[in-house]
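Trainee: Could you walk me through this one? I would like to go a piece at a time.

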Amino acid sequence: MSAYTEVKTQIRDISCLKRALMSLGFEEHMIEISETPMELKGYGGDIRKGKKACVRIRGAGWNENYVGGASNDLGFERMEDGTLAFHVSEYDARSNGYGTSWQKKLIQNYAVEIIKETAETSGYSYDNPYVNKDGSIVLKVTGY
Amino acid sequence: MTEITFIIDKDGNVSIDVEGIQGTGCHDVIKVFQEALGVETKLNEKPAYFYELDGIKQTVGR
């Protein structure tokens, strides 16, 4: 036995975020990524002032709507500390299912993607993750 | 063989348990994953941490 630590996950990596979003049902073409921050639209097509994102999922303000009924865009904005902040309207959090429960699931799945990617680049292998009864996810990584 | 067990709770907090590495090598392993994931909130060395690789018992500070 060697060491044990606890880490609070912070969303920073766009490629892992994209895979986490896909694990929650979004298809790849629904997830827009841009180095230049993109404007976010409301359900009526209006530009949401002060809201920009480097990862965007289009809502009802566009011809294609990937978020849900009468929805606003979902977006992730790069902050100064490098983390990605999630922009979601109160309506979409409450009525379209993107509230706390969904956000927690996103962070959980994002952590899985980060661990997998880090394991691969470090030369480790990993088993398929499994879900405990309490909703926690277990992922075992092995190597030499 | 090194075995690392990650448990991700429903809030996205991750516990990382490293086994199979003696001495300070476990810190290097943890650091790689911790930096990729986020912010470390707690670190505990377990008994094997306190053994140098050549078998001489020695307390190693953080």
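Mentor: Helices (H or I, at least four residues) and strands (E, at least two) are DSSP runs, numbered from the N terminus. This is a predicted model, in which local features need pLDDT of at least 70 and side-chain atom pairs count only at pLDDT 80 or more, while totals for chains, interfaces and linings use all residues. Residues are numbered from 1 along each chain as its sequence is written, chains are lettered from A and ligands numbered from 1 in the order in which they are written, and side-chain values use heavy atoms, with hydrogens and water left out.

Trainee: How do β1 and β2 of chain B pair?

Mentor: Strand β1(B), residues 2–8, and β2(B) are antiparallel over six bridges, two strands being paired if DSSP finds at least two bridges between them. Ile7(B) stands opposite Ser15(B) of β2(B), and in the hairpin, with four residues between the strands, Gly12(B) takes a positive phi near 85°.

Trainee: Which strand of chain A is joined to β2 of chain B?

Mentor: That is β1(A), residues 3–9, which runs antiparallel to β2(B), residues 13–19, with six bridges joining them. Within this pairing, Val7(A) has Val14(B) as its bridge partner.

Trainee: Switching to chain A, what is the order of the four strands in the open sheet?

Mentor: The order is β2-β3-β4-β5 in chain A, with antiparallel pairing. Strands β2 (32–41) and β5 (84–87) of chain A each have a single partner strand and stand at the edges, so one side of each is left without a neighbour in the sheet. On average, neighbouring strands of this sheet are turned by 50° against each other, direction ignored; for angles between axes in general, the axes are lines fitted to C-alpha atoms, for helices over the stretch in contact, and angles run from 0 to 180 degrees between N-to-C directions. Four bridges join β4(A), residues 74–78, to β5(A), and Arg78(A) has Leu84(A) as its bridge partner there.

Trainee: And where does helix α1 of chain A lie?

Mentor: Helix α1(A), residues 14–23, lies across β2, β3, β4 and β5 of chain A, at about 85° to β3(A). Just after the helix, Gly25(A) takes a positive phi of about 115°.

Trainee: At what angle do α3 of chain A and α1 of chain B cross?

Mentor: The axes of α3(A), residues 100–121, and α1(B), residues 25–37, cross at roughly 140° and come within 10 Å. That makes α3(A) oblique to α1(B), since angles under 35 degrees count as roughly parallel, over 145 as roughly antiparallel, 65 to 115 as roughly perpendicular and the rest as oblique. The contact (heavy atoms within 4.5 Å) is made by Ala111(A), Ile114(A), Ile115(A), Thr118(A) and Ala119(A) on one side and Val32(B), Phe33(B), Ala36(B) and Leu37(B) on the other.

Trainee: Is Thr118(A) buried or exposed?

Mentor: Thr118(A) is buried, with a relative accessible area of 8%. Leaving aside its neighbours within four places in sequence, Thr118(A) is in contact with Val32(B), Phe33(B) and Ala36(B).

Terms used
Buried < 20%, exposed > 50% of the residue type's maximum accessible area, 1.4 Å probe, protein only.
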